[in-house]
Amino acid sequence: MSNKPLIAVWGNPGSGKTVTTIKLAKAFAAKKKNVLILCCDALCPSASTILPQAAKQQRSLGELLSLPALTQEELLRFALPLDGSPHVALIGYKKGDTAFTYASYDRERAVDLLTLARHLADVILVDCSSYLSADPLSTVALELADTVYRLHSCELKSLMFYASYLPLLSDLRFRRSLNVSVLSNVKAGQDEREYSQVFGGIEVTLPYVTELEQQTADARLLDDLSGKEAKTYLSGVEHLIQLALPEEHPHVAKSKDKSSTTPIHNSTTLNLLNWLKSFLPKRRGDGQ
């Protein structure tokens, strides 16, 4: 693993990818790590909801990817510092951008961007688009990442999403990363145990936090969290950081090694299919 980790945050729509990315960035920054966030979703740009007051100063990730050539100087020019977080900067799509606003780009351009980003920051966090077919940068990030946080939510929609998308990630080039399965935004009363069994290999659970929902609605994700709910949530965020930085947290290195060798793509897909079959009506002659 590089000493400047590339971390991809990916999951089904509504699983809390952007929220988790911002809170991870704040936690890394508290450890004096310089963090660059790449918000990849052009279908629903999130940067303006994180820094609405800086919308006029923001330059678009789409524009950056469309430049004739990429350089470190251009990345620095497009990076938008986060208020109150001197160690964090963000590059994302602007309000009003669509998937057709800028020229398309190829895999090589995405690789160049991520490679240059490693030279500029201690940690690169890629807030991936859920729909990989619409976003080459997210796909390449999942391929090149040192760690992938795979967010699941406790709902049928999440199961359907992963049943469709996990087979697309079965190629060997996606297996070099440490994949960490996260059960996200878990509310009281939800059957956390059943969903954990279906998804398989859940390592971290991030609970629903009322204050966090309010921060999202008010575009205040850069604010700190407080209270009992927040303590449990922030403990989960810290666990994610420990998994991504095993050299700084040797007590979790053994767990990391075990996770990185588990064939989670096939096993999770099989669990999902078996779970879905349980809802199908039994045919005459099937076992009871």
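This is a predicted model: local features need pLDDT of at least 70, side-chain atom pairs count only at pLDDT 80 or more; totals for chains, interfaces and linings use all residues.
Strand 1 (residues 6–11) and strand 6 (residues 147–153) run parallel and are joined by five bridges; helices (H or I, at least four residues) and strands (E, at least two) are DSSP runs, numbered from the N terminus, and two strands pair if DSSP finds at least two bridges between them. Both strands belong to an open sheet of eight strands with mixed pairing, whose order is 3-4-2-5-1-6-7-8. Strand 3 (80–82) and strand 8 stand at the edges, and each has a single partner strand, so one side of each is left without a neighbour in the sheet. From one strand to the next the twist averages 25°, where axes are lines fitted to C-alpha atoms, for helices over the stretch in contact, and angles run from 0 to 180 degrees between N-to-C directions.

Helices lie across this sheet. Helix 5 (residues 107–120) lies across strand 1, strand 2 (35–39) and strand 5 (123–127), and runs at about 140° to strand 5, contact here meaning heavy atoms within 4.5 Å. Helix 8 (residues 192–199) lies across strand 6, strand 7 and strand 8, at about 155° to strand 7.

Leaving aside neighbours within four places in sequence, Ser181 is in contact with residues including Arg150, His152, Ile202 and Val204. Asn185, also found in strand 7, is partly exposed at 35% relative accessible area, and its phi is near 60°, a positive value in a residue other than glycine. Most residues other than glycine have a negative phi. A positive phi, near 55°, also occurs at Ala219, which is found in the loop between helix 9 and helix 10 (228–244) and is partly exposed, with a relative accessible area of 23%.

The largest pocket has a volume of about 780 Å³. On a 1 Å grid over the protein atoms alone, a pocket is an open set of points where a 1.4 Å probe fits, with protein on both sides within 12 Å along at least five of seven lines, and lining residues have an atom within 4 Å of a point; a volume is the space filled by probe spheres set on the points. Of the 34 residues that line the largest pocket, Gly14, Ser15, Gly16, Lys17 and Val19 are the closest to its centre. Helix 1 (17–30), strand 7 (178–186), strand 8 (202–207) and helix 9 (210–217) each supply at least two lining residues, and helix 1 gives the most, with four. The lining divides into 14 nonpolar, 14 polar and six charged residues, where Ala, Val, Leu, Ile, Met, Phe, Trp, Tyr, Cys and Pro count as nonpolar, Asp, Glu, Lys and Arg as charged, and the others, Gly among them, as polar.

Conventions:
Residues are numbered from 1 along each chain as its sequence is written. Side-chain values use heavy atoms; hydrogens and water are left out. Buried means under 20% relative accessible area, exposed over 50%, partly exposed in between (1.4 Å probe, protein chains only).
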